[in-house]
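Welcome! Here is a short tour for anyone meeting this structure for the first time. Take a moment to look it over, and then read on.

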Amino acid sequence: MNYPIVVYPCDEGGFVAEVPALRGCLAQGETLEETLQELMIVRNLWLETAEKYGQKLPDVESTIAKVKALSCV
């Protein structure tokens, strides 16, 4: 699943990235590349855990619409 991600710099250096549709799915790193690599690991673990416990996944299209709406504010 290709959920939108949000990346932002930290005041103390490095970056934080998150998948807003997947509650608590975030990662941080010193470089953008490291941050995105870590986020992919966390996202995969999040999705595997949700599948294991039969949790319904958020719809990708509605999630994209919500992120677009928030980014226009």
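The buried residues of helix H1 are covered in part by strand S2 (15-18) and strand S3 (26-29). Please keep in mind that this is a predicted model.

**Helix H1**
- H1 has 21 residues and reaches 30 Å from its first C-alpha to its last, close to the 30 Å expected at 1.5 Å a residue.
- Its buried residues are Thr35, Leu39, Arg43, Trp46, Leu47 and Ala50.
- Looking down the axis of H1, you would find these buried residues within an arc of 100°, so they line one face of the helix.
- On the face turned away from that buried side sit the exposed residues Glu33, Glu48, Glu51 and Lys52.

**The largest nonpolar core**
- This core has 12 residues in all, among them Tyr3, Val19, Leu22, Cys25 and Val60.
- Helix H1 (residues 32-52) gives the most to this core, with 4 residues.
- Beyond residues up to four places away in sequence, cysteine 25 touches Ala17, Glu18, Val19, Leu39, Val42, Arg43 and Trp46.

**Threonine 35**
- Threonine 35 lies in helix H1 and is buried, with a relative accessible area of 0%.
- Its side chain reaches the backbone oxygen of threonine 31 at 2.7 Å.
- Setting aside neighbours within four places in sequence, threonine 35 is in contact with Phe15, Val16, Ala17, Ala27, Gln28, Gly29 and Glu30.

Methods. Residues are numbered from 1 along each chain as its sequence is written. This is a predicted model: local features need pLDDT of at least 70, side-chain atom pairs count only at pLDDT 80 or more; totals for chains, interfaces and linings use all residues. Side-chain values use heavy atoms; hydrogens and water are left out. A nonpolar core is a set of buried Ala, Val, Leu, Ile, Met, Phe, Trp, Tyr and Cys residues joined through side-chain atoms within 4.5 Å. Buried means under 20% relative accessible area, exposed over 50%, partly exposed in between (1.4 Å probe, protein chains only). Helices (H or I, at least four residues) and strands (E, at least two) are DSSP runs, numbered from the N terminus. Contact means heavy atoms within 4.5 Å. The expected span of a helix is 1.5 Å times one less than its number of residues. The arc is that of the directions from the helix axis to the C-beta atoms. A polar contact is a pair of N or O atoms within 3.5 Å; within protein, one must be able to donate a hydrogen and the other to accept it, and residues adjacent in sequence count only if both atoms are side-chain atoms.
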